[in-house]
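Please read these notes with the model open beside them.

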Amino acid sequence: MSRARRVAVVGATGAVGQEFLAVLAERRFPLASLRLLASPRSAGRRLRFAGEELPVEPLTPDAFRGVDLALFSAGGTVAREYARHAVAAGAVVVDNSSAFRMDPNVPLVVPEINLAAARNHQGVIANPNCSTILLCLTLRPLQVAAGLRRVVVSTYQAASGAGQRAMEELRAATTSLVLEGRRPAPKVLPHSLAFNLFPQVDVFTEGGFTREEDKMQNETRKILDLPDLPVEATCVRVPVERCHSESVSVELDRSLTPAAAREAFVRAAGVVVVDGDPAYPMPVFVAGTDPVAVGRIRASRAFAHGLCYWLVGDQLRKGAALNAVQIAENL
Ligand code: A2P
């Protein structure tokens, strides 16, 4: 029997959707057919895939007829409305939104960490939050080596995390400020991001945290199977195009020297170490690459058995499209 799959990409015109196409082509995903779905706004558009031009079709409940695998990245509302149609048509859904991530019947998967969980799916597999995927890839080797007690993390999140239109808004506002000295009012992001940053990703929830910060705690707990792990996040949007960075402090159960932590990172799948004087990971070098890059590995001054480090990962690749395609490859 052929391994080739009939695939649909929902949200194909978006930032992650475009990256889905790039990753499917690069990895030579075995495709029997490829269907590109988006909103009626994109009717008539054509997108390039592996040297061909494919039409974008409007998303409708019966768009999944004959589809084996549906890669969704069109937000939670679309996922909640259309994933069931895809499943009813016999497709497996890998969804990049937060709609199903905390549903106990839906596996939340980072293949390097908990691929086995994907086998129990009931039609839908959730792709975790982008900052959380990058964080968990680096927490897992420390968890295995010395046990995790608590995590304090600050993120520096790129415009790409808010979608294609946010990236365009950042570019246009930066150009306008440089060339005309004028700061246009933001339409997509909550504040103007050009030459600025703001400590808010997603909406505020309880106790002064934001939903992104809640996701980082709740999803990390589910992926690492540590239901009580305290994860204190502060998520910041910065004027970077497409890589998220994170400053991480961890308290461990047992002591682990920075040299031993470095060894654990070197051995971990999906992680590269860029750590020296003066080498450390930066978005300009990490953009377009697959692994999460770790550096500035040092002993904590705040926790007895603690470590601090810095990570950078491409939000659109391992933080979204690549992780979802890796899940699909392993199904
Ligand atoms: P469209 O380009 O037609 O609006 P991003 O996260 O980069 O903003 O991308 C969101 C993706 O989700 C886009 O491909 C967008 O399509 C798609 N999308 C948004 N709303 C809908 C909808 N109601 N039905 C289908 N696709 C949608």
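How many nonpolar, polar and charged residues does the shell around the ligand have?

1. Shell make-up. The shell around the ligand has six nonpolar residues, eight polar ones and two charged ones. The classes are as follows: Ala, Val, Leu, Ile, Met, Phe, Trp, Tyr, Cys and Pro are nonpolar; Asp, Glu, Lys and Arg are charged; the others, Gly among them, are polar.

2. Basis. This is a predicted model, in which local features need pLDDT of at least 70 and side-chain atom pairs count only at pLDDT 80 or more, while totals for chains, interfaces and linings use all residues. Numbering starts from 1 along each chain as its sequence is written, and side-chain values use heavy atoms, with hydrogens and water left out.

3. Nearest residues. There are 16 residues around the ligand, and T13, S39, R41, S42 and Q164 come nearest. A residue is near if one of its heavy atoms lies within 4 Å of the molecule.

4. A ligand oxygen is 2.6 Å from an N or O atom in the side chain of S39. Backbone takes part too: a ligand oxygen is 2.7 Å from a polar backbone atom of Q164, and a ligand oxygen is 3.1 Å from a polar backbone atom of G11. The protein covers 77% of the 570 Å² of accessible area that the ligand has on its own. These areas come from the Shrake-Rupley method with a 1.4 Å probe; for residues, only the protein chains shown count as cover.

5. Domains. Domain 1 is 5-127 + 321-330, and domain 2 is 132-315. The bounds come from an automatic or database domain assignment. Their centres, taken over C-alpha atoms, are 25 Å apart. Contact (heavy atoms within 4.5 Å) links 19 residues of domain 1 with 19 residues of domain 2. Why does the ligand lie between the domains? Both domains give residues to the shell, so the ligand lies between them.

6. S42. This residue is in the loop between β2 (31-38) and β3 (46-49). Helices (H or I, at least four residues) and strands (E, at least two) are DSSP runs, numbered from the N terminus. S42 counts as buried because its relative accessibility is 8%. Buried means under 20% relative accessible area, exposed over 50%, and partly exposed in between (1.4 Å probe, protein chains only). Not counting residues up to four places away in sequence, S42 touches T13 and V56.

7. P58. This proline lies in strand β4 (residues 52-58). P58 is partly exposed, at 40% relative accessibility. Leaving aside neighbours within four places in sequence, P58 is in contact with L37, A38 and A63. P58 and A43 are 15 residues apart in sequence, and their C-alpha atoms are 6.3 Å apart.

8. Backbone points to check. Most residues other than glycine have a negative phi, and most peptide bonds are trans. The D277 to P278 peptide bond is cis, with omega near 15°. P278 sits in the loop between β11 (271-273) and α8 (283-286). R28 has a positive phi, near 50°. R28 is in the loop between α1 (15-26) and β2, and is exposed at 73% relative accessible area. F195 also has a positive phi, near 50°. F195 is in the loop between α5 (164-180) and α6 (211-224), and is exposed at 58% relative accessibility.

Key. Polar contact = N/O pair within 3.5 Å; in protein donor to acceptor, adjacent residues only side chain to side chain.
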